[in-house]
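Reader: I would like to learn how to read the interface and the core of a model. Please take me through them.

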2 protein chains.
Amino acid sequence: MAGDLHLLVNVTGTGYHQAAWREDGQPTGAFVDVGYFEWIANLAERGLFDAILLPDIPFQNPGIAHAPTQALEPTLLLAGLAAGTSHIGLIPTVSSSHNAPYNLARRILSLDHASGGRAAWNVVTTFAQGAAANHGQQAPADRAARYRRAAEFVEVVIALWDSWEEDALVADQDSGEFARADRIHEIGHAGEFFDVTGPMNVPRSPQGRPVIAQAGASEPGIEFAARYAEVIYGSQLSLAGAIEFSSRIRALAAERGRDPDAIRILPGLVVVTGADEGEAWTRWRRLNRHLEDGRSETERLEAALWLEPGSLAEDLDAPIDPELFLTDAPRPQGFGRALNRFAAETGSSPRRLADSQLGGHRAVIGSPAQIADHIETWLGSGAVDGFTIVPPGLPLDLQRFVELVVPELQRRGIYRAEYPGATLRANLGLPVPASSLVA
Amino acid sequence: MAGDLHLLVNVTGTGYHQAAWREDGQPTGAFVDVGYFEWIANLAERGLFDAILLPDIPFQNPGIAHAPTQALEPTLLLAGLAAGTSHIGLIPTVSSSHNAPYNLARRILSLDHASGGRAAWNVVTTFAQGAAANHGQQAPADRAARYRRAAEFVEVVIALWDSWEEDALVADQDSGEFARADRIHEIGHAGEFFDVTGPMNVPRSPQGRPVIAQAGASEPGIEFAARYAEVIYGSQLSLAGAIEFSSRIRALAAERGRDPDAIRILPGLVVVTGADEGEAWTRWRRLNRHLEDGRSETERLEAALWLEPGSLAEDLDAPIDPELFLTDAPRPQGFGRALNRFAAETGSSPRRLADSQLGGHRAVIGSPAQIADHIETWLGSGAVDGFTIVPPGLPLDLQRFVELVVPELQRRGIYRAEYPGATLRANLGLPVPASSLVA
């Protein structure tokens, strides 16, 4: 239901902060250890999270020299977690630019069956030279082409998910009829990027069909989200920006004939907490101390904010020039404009800005009550349906959230005391969609 | 070690016999129920099998009207079984014609990490119009092109599996070095079918690298097997044929510079057993009774042997004309020649031939001692390293094998009493290969 608080957790190896693995004493191989991820999943399930979101880019990020990067393939990893969990949703990120729709539709639908209806697909179009080079391309396609392909990809995948009608499976041991051939439909897709006949060789999902998730920050991304996304987890630094984004997405979705309330907007939120505010800040400072490496504070702030070396003024507590975020320095997609706006709205200094975001996601550092205040304020505005919690270090920052913030949210009456259902759609409060192939 | 008995189990939904689902009272959804497959896997692990082999063709076989077909994607399904098992190997079948090497290499290597070194890849080139039509092709490529693609695919996959050296992972919390960039190598592959830069974004496998399995019956299939296969599970109807096949494969492998003893030849064997011979035959007859459907016995035998209607003579106990298997009727690849040879060698009648094979795999029906005799004779010949047991019905025929035949094999001193190791390579007695990328 709209108005309820929904939480995802973003799981990136040992955490979103690149020094987390140095702080928490994880065993060397945690980032490729399914047992470790199962521990995280069980923790998130104790916190009644709707789902785990696994980001992904299919190439070896050179950052591996200094921190764990995405390794195990997300659909496989999550299939490995399905048996050891019972309620939490499983959202693998998979690129629409470097896969084939039949194979991917089948894997996500298999995950959905394996988990009893807890699967989603987080659609990314992947702008990365390294990923293109692993898939026979000199360079990534341009953004417009990537999004055209993504849209066609999703249409094919949904048609394949819908190719078995609900009652196609008969399994009548007496007559010998196993399935009704007239209830299993070819999709006969012929398009710009794909020709796929179908039908899918997997029956319909226990939750109707898997959920579509997306991050959508660019213009074509927003258009894509308005058409297809049921969960949107992108970055929102300021409440004003979140309100504007939400109104725009819901209006666009309504224009496209969708129910604007059947979309869950869950922006990333980096949470650092502790027994009190001081403990939270101590944790945050300790994580950042690993990044010192002989660099000056100015140099470190420039790196944390994706600014060219030498661009910050000497006074690190004076308001930063918002125009700095509109220069050509390489930044994750959309974060330049978001930082520009946030700096202009808040008049933050470089130091304050660096403590207000991590990797482009809004960061909140404080006591459990302060974290709950932030969540309550944003939720109350109607702009968001909850958050994608981004723990800087795993499992510690997730554990503190579950043990300290969740009970506070429950005391305030804004968070569930148990899972409302057994499928991801039920927990997100999303409807079971009618089949796209049945008249 | 060569000379030891190795067993795989072929797991096709509710069994290889198309009427098995009607006999055993399986719940409707068993073929998409990971819990059901976990039960099968645990049973096979009690029987100390080396591995589960999951066949696959990526399209909806129209046979779904009458029997379960392959549904859940094999790499996903096996990832779901990794946590609930401890020793058994996991062999998904995945098509080299309808996948991309980076993605597949990553999924199989992820399965290998998730299972602690128990993964293999069963390479098939997929000659099926329905699969081609799901992947943008009017028709499957010709056999020579499929095998050229398969060979290049395997070379790329192995190079990717080898792209992290064993000691690339450092994870030094003090220095902040996580991995040694100079021990993670690009592969820079540019070929006829693929351009892949690499490196793989997953560290080296716990067993060195996953095992390569293959069925190889055609001439290009045999050449491929001799070059790459570490496990060969194709069909062998007669011992004479098996001896010839084995000599040929091992000689070809040696010519290609491989150790001919580092190949496990494990042909399919359909086993039907019971407390005594009578119980086995009762089981077999009950399964076949479901196929009667108003057809005459002649019509049913023609169907079971892939013969044109009207081709069998009236006397169903007289020797069959072996030439019938060389006509143009559609048969699974290689089975026509194999049946021709078997019929010529044995002078079998249509009735006897239909009881000697199921779907092209040799069938043995009898008491546990009779099954063990067959296994012991073939193993003793040196032609095979064991068998891929193909249960006509699951779980019943596997359960009987594990409870009745396995103890008999152990009494005879030709089968293990416990797993020799924890990885698939250790259990198959295969060496850990040196990296292909390190001088």
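**Interface and core**

Author: The area buried between chain B and chain A is about 5,200 Å², and carbon and sulfur atoms give 59% of it. Buried area is the accessible area (1.4 Å probe) that two parts lose on being put together, summed over both. In chain B, B:Leu76, B:Gln173 and B:Phe178 lose the most area to chain A, together 14% of what that side buries. This is a predicted model, in which local features need pLDDT of at least 70, side-chain atom pairs count only at pLDDT 80 or more, and totals for chains, interfaces and linings use all residues. Residues are numbered from 1 along each chain as its sequence is written, chains are lettered from A and ligands numbered from 1 in the order in which they are written, and side-chain values use heavy atoms, with hydrogens and water left out.

Reader: How many salt bridges does the rule find across the interface of chain B and chain A?

Author: A salt bridge is a side-chain nitrogen of Lys or Arg within 4 Å of a carboxyl oxygen of Asp or Glu. The rule finds two between these chains. A:Asp56 forms a salt bridge with B:Arg106, with the closest N and O atoms 2.7 Å apart.

Reader: Which residues have the most contacts inside the largest nonpolar core?

Author: In soluble globular proteins, nonpolar side chains tend to be buried together. A nonpolar core is a set of buried (under 20% relative accessible area, 1.4 Å probe, protein chains only) Ala, Val, Leu, Ile, Met, Phe, Trp, Tyr and Cys residues joined through side-chain atoms within 4.5 Å. Here the largest has 176 residues, and those with the most contacts inside it are A:Phe49, A:Trp121, A:Phe401, B:Phe49, B:Trp121 and B:Phe401.

Key
Buried means under 20% relative accessible area, exposed over 50%, partly exposed in between (1.4 Å probe, protein chains only).
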